[in-house]
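Subject: A structure for you to look at

Hi,

Here is the structure I promised to pass on. Have a look at it first, then read my notes below with it open beside you.

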Amino acid sequence: MASITLTWTASDTATGGTPTHYDIYRVLGDAVEQIVDDSTTGAANKIADVTGTVLTHEDTGVVAGSSYSYTVIARNAGGSSSPADNITAKNILA
């Protein structure tokens, strides 16, 4: 089974303090800019919503040999942070 493990550091930029959740978005290929719009073909799809105390996610919905770009957004009751810099990963294992 192919997978990519993502890790990030805790955000302190979400409005209202400590994040309660992190939204993780994925797009196939190398994203040139931060794309967080799951309503447009080719744009990033939200693949996970993890609690604010979790700073890792294993993406099992990937294909071996394909490249993916990820964006993580912190959120809490006060709102959402700006998207983090894109993370690009290639799953090379079959």
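Let's start with the charged residues: D23, K46, D49 and R75 are joined in a network of salt bridges. By that I mean a side-chain nitrogen of Lys or Arg within 4 Å of a carboxyl oxygen of Asp or Glu. The general idea is that side chains of opposite charge can pair when their charged atoms come close. With this rule, the count is four salt bridges.

Before going further, a word on where the numbers come from. This is a predicted model, where local features need pLDDT of at least 70 and side-chain atom pairs count only at pLDDT 80 or more, while totals for chains, interfaces and linings use all residues. Residues are numbered from 1 along each chain as its sequence is written, and side-chain values use heavy atoms, with hydrogens and water left out.

**The overall picture**

Of the 94 residues, 36% count as buried. Buried means under 20% relative accessible area, exposed means over 50%, and partly exposed is in between (1.4 Å probe, protein chains only).Contact here means heavy atoms within 4.5 Å. Among the chain's contacts with a separation of 6 or more, 69% are between residues 24 or more positions apart.

**Back to the salt bridges**

Which residues does D23 pair with? One is K46, with N and O 3.2 Å apart. K46 sits in strand 3 (residues 45-51) and D23 in strand 2 (residues 21-28), so this pair ties together parts that are 23 residues apart in sequence. The other is R75, where the closest N and O atoms are 2.9 Å apart. That pair links D23 in strand 2 to R75 in strand 5 (residues 67-76), 52 residues away. D23 is buried, at 6% relative accessible area, whereas K46 is partly exposed at 37% and R75 is partly exposed at 22%.

Next come D59 and R26, whose side chains form a salt bridge at 2.7 Å, N to O. D59 belongs to strand 4 (residues 56-59) and R26 to strand 2, so the pair ties together parts that are 33 residues apart in sequence. D59 is buried at 4%, and R26 is buried at 18%.

Is I24 buried or exposed? I24 is buried, with 0% relative accessibility. Leaving out neighbours within four places in sequence, its contacts include L6, W8, I47, H57 and Y70. I24 and Y70 are 46 residues apart in sequence, but 6.9 Å apart in space, C-alpha to C-alpha.

Then find H57 in strand 4. H57 is buried as well, at 17%. Not counting residues up to four places away in sequence, H57 touches several residues, including I4, T5, A48 and V50.

Technical notes: Helices (H or I, at least four residues) and strands (E, at least two) are DSSP runs, numbered from the N terminus.
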